[in-house]
Amino acid sequence: MKNRLDTKLERERIGRIIRDRREALDLSLRDLSDESGVALGSLSQLERGHNFTVHILLRLCSILDLTLDLRIDIE
C-alpha cells in the first residue's frame, strides 16, 4: 500500500515534528502532558516513533498549533 501512515519511518517523522514544535514553544514533556491530558509516557513514545492514536495526534496538533495534511492517493 503506497503512502501508508502506519509505517515506522512516517511515525518517526511525525514524532520529530511534534518534538521540534514542542521544543520551539519551550514546553517540556511534562508541560505538554499537563496541558493535553496525554500521559507523559505516551508523549515520550510518540516522539520516539512508537504507535499513537489519531485522537492523541489531533489533541497535540491543536495545542501545538500544527495542522494535519491527510492526502489520499487514488491510482
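A: A contact here means heavy atoms within 4.5 Å. The model is a predicted one, and in this protein residues 24 or more positions apart account for 58% of the contacts that have a separation of 6 or more.

Q: How many helices and strands does the protein have, and what pattern does it follow along the sequence?

A: The protein has four helices and zero strands, so that, by the DSSP runs on which the numbering rests, the pattern read along the sequence is α-α-α-α.

Q: What share of the residues is buried, and what does the accessible surface come to?

A: Buried means under 20% relative accessible area. Of the 75 residues in the protein, 24% are buried, while the accessible surface comes to about 5,500 Å², of which 50% belongs to carbon and sulfur atoms.

Q: How should I read a salt bridge, and how many does the structure hold?

A: Side chains of opposite charge can pair when their charged atoms come close. The structure holds five salt bridges, among them the one in which the side chains of Glu-12 and Lys-8 meet at 2.7 Å, N to O. Both Glu-12 and Lys-8 lie in helix α1 (residues 8–24), four residues apart, which is about one turn of the helix, and Glu-12 is partly exposed, with a relative accessible area of 22%.

Q: Which residue forms a salt bridge with Glu-10, and where do the two lie?

A: Glu-10 pairs with Arg-13, the closest N and O atoms being 2.5 Å apart; both residues lie in helix α1, three residues apart, again about one turn of the helix. Glu-10 counts as partly exposed at 22% relative accessibility, and Arg-13 likewise counts as partly exposed, at 38%.

Q: Is Arg-22 buried or exposed, and which side chain does Arg-22 meet in a salt bridge?

A: Arg-22 is buried, with a relative accessible area of 8%, and its side chain meets that of Glu-23 in a salt bridge of 4.0 Å, N to O. Glu-23, at 47% relative accessibility, counts as partly exposed. Salt bridges that share partners join Arg-22, Glu-23 and Glu-47 into one network.

Q: Which residues gather in a patch of negative charge on the surface?

A: A patch is made of residues that have over 30% relative accessible area and no salt bridge. Here Asp-26, Asp-31, Asp-34 and Glu-35 gather in a patch of negative charge on the surface. Asp-31, one of these four residues, lies in helix α2 (residues 29–36) and is partly exposed, with a relative accessible area of 34%.

Technical notes. Residues numbered from 1 in each chain as written. Predicted model: local features only at pLDDT ≥ 70, side-chain atom pairs only at ≥ 80, totals over all residues. Heavy atoms only, no water. Patch = residues over 30% accessible without salt bridge, like charges linked within 9 Å, V, L, I, M, F, W, Y side chains within 5 Å. Areas by Shrake-Rupley, 256 points an atom, 1.4 Å probe, with all protein chains shown as cover. Lys, Arg positive; Asp, Glu negative; His and termini not counted. Charge placed at Lys NZ, Arg CZ, Asp CG, Glu CD. Buried < 20%, exposed > 50% of the residue type's maximum accessible area, 1.4 Å probe, protein only.
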